[in-house]
Every structure is written in C-alpha cells, then in structure tokens.
Amino acid sequence: MSEPTGSTPARSPAPLRLARPPVQDLGVRVLGSGSAVPSRVVTNAQIATICDTNDEWIHQRTGIRERRICDPAKGEGNVQLCTDALRRAIENAAITPDQLDLIICGTITQDMRCPSTACVVAGALGAGHAAAWDLGAACCGFVYPMNIAHDLIRIGTYRTIGVIGADCISAITDYSNRSVGILFGDAAGAAILGATDDRTKGVLAQVNKADGSGWHDLYVPAWESQIAPGSDRTNHRLGCLFMNGREVFKFAVGTFQELIAETLTKGGVTVADVDMFVCHQSNARIIEAAVERFGIPPGKVYVNIDRYGNTSGGSVPLAFDELRKAGRIQEGMVVMFVAFGAGLTWSSSLWQM
Ligand code: COA
C-alpha cells in the first residue's frame, strides 16, 4: 500500500443550523396617549416687554397668542414634562410601566447630557428593564420615533413601546432675539404603541427624510467655531437657538406640501380618505397654505398653536392627545402625522388606527 502523496482535501464544514427568529408581520395599535405642559402661561404682551414686538404682529404672522414656559424654580423642565406625559399615556392605555419593552424619547433639549431623558423617565416611572434611548430630530421628535417604534413592533422585536416627543425650548432661548422668542413654547406628549393580531392596523405609509446641508438655518451653536461661516455673528448667542426665519419658512411651506403629497401617494389614499391631519404646529400660515393647496376641510386639520406656540418635538403628540381626548381621533380612523424642523428633517406617518 502506497503512502498518500498529496495533502488530504479539507472537509467542508457542517452547515450552520442556528435558527434566526422569524420576522413577524403584526398589526400595531395606539393603546393610549398623554401630554403635559408647564403651568406658566406667557402671553404675546409679556414677550413684548422683553423684545421689540407686539401681539398683533405675532398673531398675524404666526397665529400664536400665548405659550407655556417651564419655571425651573418650580422644578419644571424636560424630564418632568416627559415623565408626566408618559405616565398619563400609560394610565390611558390601562397598562403598567413595567409592561413597556422600550421607551424612545424624541427631544433636543435634554436636562442632562447623560443619561438619556428616556432612562431618567423610565426610572421615575418604574419601567423595569425597558430599553430606553433619546432620538434627536427636533420638530420630528415624535414622528421619527413613532415610525421606528411601529416597525419594531411590526416585525416582532418588541410588543409594547412608549414614544415621547418633547422639548423645553425655553432652556435654549434668548428672549431678546425676537425671531425665536416669539415662536416657541414647552410641551411633551406621549403615545403607547402595542402589538395586535389585527394586521390591518398600523402604518400605511411613512416618509422619514433629512437634508443636512440646511443645518445652519436652525441650530444651537455651543462654541464660536460652530457659528456657520459667513453668518452675522451678532445674531448668535452661544447655547441659544438661532433661526434663519425666512429660509426656514420657505423650506417649511414647500416641504410640508411635498410631504403630504408623497405620503398620500405612498399610502394609495386621497385627502378624502384621511379623517385627520395631525400637523406640526410651526406657524398657522404654513398649515393654512397646505390646507388651501390640498383643499383639506378645516375640520380635518387641528390647530392649537394659538395656545402653545411651536413646541418642537412636543407639538405633534400634544395635538394628537388633545384630539383623542376630544373624541376627534378614534379607533378605525385614518390619520396622517406630519412634521418638519431643524436638521433639516421632515417626516410623516399615515395610520390606520
Ligand atoms: N415683531 C415685530 N416685527 C418683526 C418681528 C417681530 N417678532 N420680526 C420681524 N419683524 C419685522 C421685520 O423687521 C420686518 O420689518 P420691515 O418690513 O419694516 O423690514 C418685517 O417684520 C418682516 O420681517 P421678516 O423677518 O421677513 O418676517 P417674516 O414675515 O418672515 O416672519 C417669522 C418671521 C419668524 C414669523 C417667519 O419667518 C416664520 O414663521 N418662519 C418659519 C419659522 C418656523 O416655522 N420655525 C420652526 C420650524 S420647525
């Protein structure tokens, strides 16, 4: 018998038999909602004592009459608003905090840089070991995470998620800057999303986009070198929100309308099929322009900017909660959420409730 001359051919490895969990296709329901605003009301007349403006100008150009502003001396801030909003949403959903698998908080105004607002809120409410993180998308601070939460439930990763949209813009506002000081207010809103076997329920269409080339139209410079090249440095204050109002207005009017059109097309629906549009409250004129273009009946668009101003990430969930509590959004309805803001970002979510 002769010795083998060449090397033994390597045996091919046995095929791996690790089973990945199957991707599911679950329905998603809104189980509950809640919101919170600070107790302090600040009218246009009060803003006019700080900067050169007046009630008539503000109301005519923005639709705003008053806004709510946190009073740090009373312990009010972003965490407090988020905790109250999520607690109310949990109560409304008739679940307990430890039933949450995940909490996502859409905010750009964390009271603390670390840990995330979502973690602090989870701790305050006793949410057990729910995963928790913040998501920075400015005025898309509710719609971006709502879409993410929906998809995570739909594929079976989690069953119950608390989504918070919140901002305490007063913490980053220089009230002597009249282009910013007149517009914003503080608020938080939350929704509990849960899995259901009814697969007709959930998102019919969603759009999540950004154009980072426009970041310098709405931003908070932390140090001198961050101030956008070529801009007038005297208009900026470190740590405070800067806004190029005219550019943001142009972006908002155009993007808002394209966003609605794209979402209707993606969802295969018309304006007549949508029962309610829950729009980011940035400026009443921006909403009116969209209402006019699409011929949306006034009863299908909610406007509460007169009472709260632009509350950034809090704006859409606050409007949603008010509409649900008023019985104007109910199970079975088709609802479109639409938002746009700093980043620049824009986002929509069309729901079969
Ligand atoms: N009070 C009184 N007068 C004001 C003023 C204020 N707060 N701000 C500007 N003015 C004056 C200007 O000096 C100017 O006067 P002039 O015509 O005599 O020169 C005039 O009003 C128009 O100024 P302008 O800056 O063109 O105002 P505007 O019509 O663009 O309105 C905003 C300003 C901020 C209300 C508007 O640009 C806007 O809503 N932008 C979008 C903001 C937004 O939605 N941001 C958030 C996105 S999520």
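How many Å separate a polar side-chain atom of Arg-61 from an oxygen atom of the ligand? The gap is 2.5 Å. Before we follow that contact further, some ground rules.

This is a predicted model, in which local features need pLDDT of at least 70 and side-chain atom pairs count only at pLDDT 80 or more, while totals for chains, interfaces and linings use all residues. Residues are numbered from 1 along each chain as its sequence is written, and side-chain values use heavy atoms, with hydrogens and water left out.

Start with the whole chain. Its C-alpha trace spans about 105 × 50 × 40 Å along the principal axes. The chain has 353 residues, and 54% of them are buried (under 20% relative accessible area, with a 1.4 Å probe and protein chains only). The secondary structure comes to ten helices and 13 strands. These are DSSP runs, numbered from the N terminus: helices are H or I with at least four residues, strands are E with at least two.

Now find the open sheet. Five strands lie in the order β1-β7-β6-β4-β5, with mixed pairing. Two strands pair if DSSP finds at least two bridges between them. Strands of a sheet pair through backbone hydrogen bonds, either parallel or antiparallel. At the edges are β1 (27-36) and β5 (131-135), each of which pairs on one side only. From one strand to the next, the twist averages 15°.

Look inside the sheet. Strands β6 (residues 160-168) and β7 (residues 186-196) run antiparallel, joined by nine bridges. Gly-165 has Gly-189 in β7 as its bridge partner. Helix α4 (residues 117-125) packs on this sheet, where it touches β4 (102-106), β5 and β6 (contact means heavy atoms within 4.5 Å). The direction of α4 makes about 140° with that of β5. Axes are lines fitted to C-alpha atoms, for helices over the stretch in contact, and angles run from 0 to 180 degrees between N-to-C directions.

Arg-246 places a polar side-chain atom 2.7 Å from a ligand oxygen atom. Gly-245 uses its backbone instead: an N or O atom there lies 3.1 Å from a nitrogen atom of the ligand. Taken alone, the ligand exposes 950 Å², and the protein buries 73% of that.

Key
Polar contact = N/O pair within 3.5 Å; in protein donor to acceptor, adjacent residues only side chain to side chain. Areas by Shrake-Rupley, 256 points an atom, 1.4 Å probe, with all protein chains shown as cover. Buried < 20%, exposed > 50% of the residue type's maximum accessible area, 1.4 Å probe, protein only.
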